[in-house]
Amino acid sequence: SRDENELITEMVLDAVVGALSILLSGDFTSTFLLQHLDVALLTVDEVADDGIILETDPKSIVNRVLMRGIDGSQPMTDMSLAQAMEVAKEQLLKNVV
């Protein structure tokens, strides 16, 4: 219904604003935002893909934008293949259960 769409839109926008305020230290001036447009676009890209909402937790979005693990610990780019597979397995099991 129309109300559900508004609630989902509000949830997504709150997530984007929350993640951007963490990433940009709360500075939302138009000049600063344009200087960091790559971060803003990547943030929006991490929230939704092809109309499908992927994430709404601002801290998880920030971790994804900064290419950290979902828990914020180790950057995903610094992981070995075995570590990456273990993290993927943990996340899959966490989502299934």
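Predicted model: local features only at pLDDT ≥ 70, side-chain atom pairs only at ≥ 80, totals over all residues.
A salt bridge here is a side-chain nitrogen of Lys or Arg within 4 Å of a carboxyl oxygen of Asp or Glu. By that rule, the count for this structure comes to one salt bridge. Residues are numbered from 1 along each chain as its sequence is written, and side-chain values use heavy atoms, with hydrogens and water left out.

So who makes the bridge? The side chains of Glu 46 and Arg 64 do, at 2.8 Å from N to O. Glu 46 sits in helix α3 and Arg 64 in helix α4, so the pair ties together parts that are 18 residues apart in sequence. Helices (H or I, at least four residues) and strands (E, at least two) are DSSP runs, numbered from the N terminus. Burial goes by relative accessible area: buried is under 20%, exposed is over 50%, and partly exposed is in between, using a 1.4 Å probe and protein chains only. At 15%, Glu 46 counts as buried, whereas Arg 64, at 29%, counts as partly exposed. Glu 46 also touches Leu 54, Glu 55, Ile 61 and Val 65, besides Arg 64, leaving aside residues up to four places away in sequence; a contact means heavy atoms within 4.5 Å.

Now look along α3, which spans residues 37–47. Its buried residues are Ala 40, Thr 43, Glu 46 and Val 47. Seen down the axis of α3, these buried residues fall within an arc of 125°, so they line one face of the helix; the arc is that of the directions from the helix axis to the C-beta atoms.

Ala 40 and Val 47 belong to the largest nonpolar core, 11 residues in all. A nonpolar core is a set of buried Ala, Val, Leu, Ile, Met, Phe, Trp, Tyr and Cys residues joined through side-chain atoms within 4.5 Å. Helices α1 (2–23), α3 and α4 each supply at least two residues of this core, and α1 gives the most, with five. Leu 24 is another member, and Leu 24 touches Phe 32, Leu 33, His 36 and Val 39, again not counting residues up to four places away in sequence.

Helix α4 (residues 58–65) also holds Asn 63, which is buried at 8% relative accessible area. Asn 63 and Ala 19 are 44 residues apart in sequence and 9.4 Å apart in space, C-alpha to C-alpha.

Finally, the loops. Ser 25 has a positive phi of about 55° although it is not a glycine. You'll find Ser 25 in the loop between α1 and α2 (30–35), exposed with a relative accessible area of 69%. Asp 50 has a positive phi of about 55° too, and is not a glycine either. Asp 50 lies in the loop between β1 (48–49) and β2, and is exposed at 79%.
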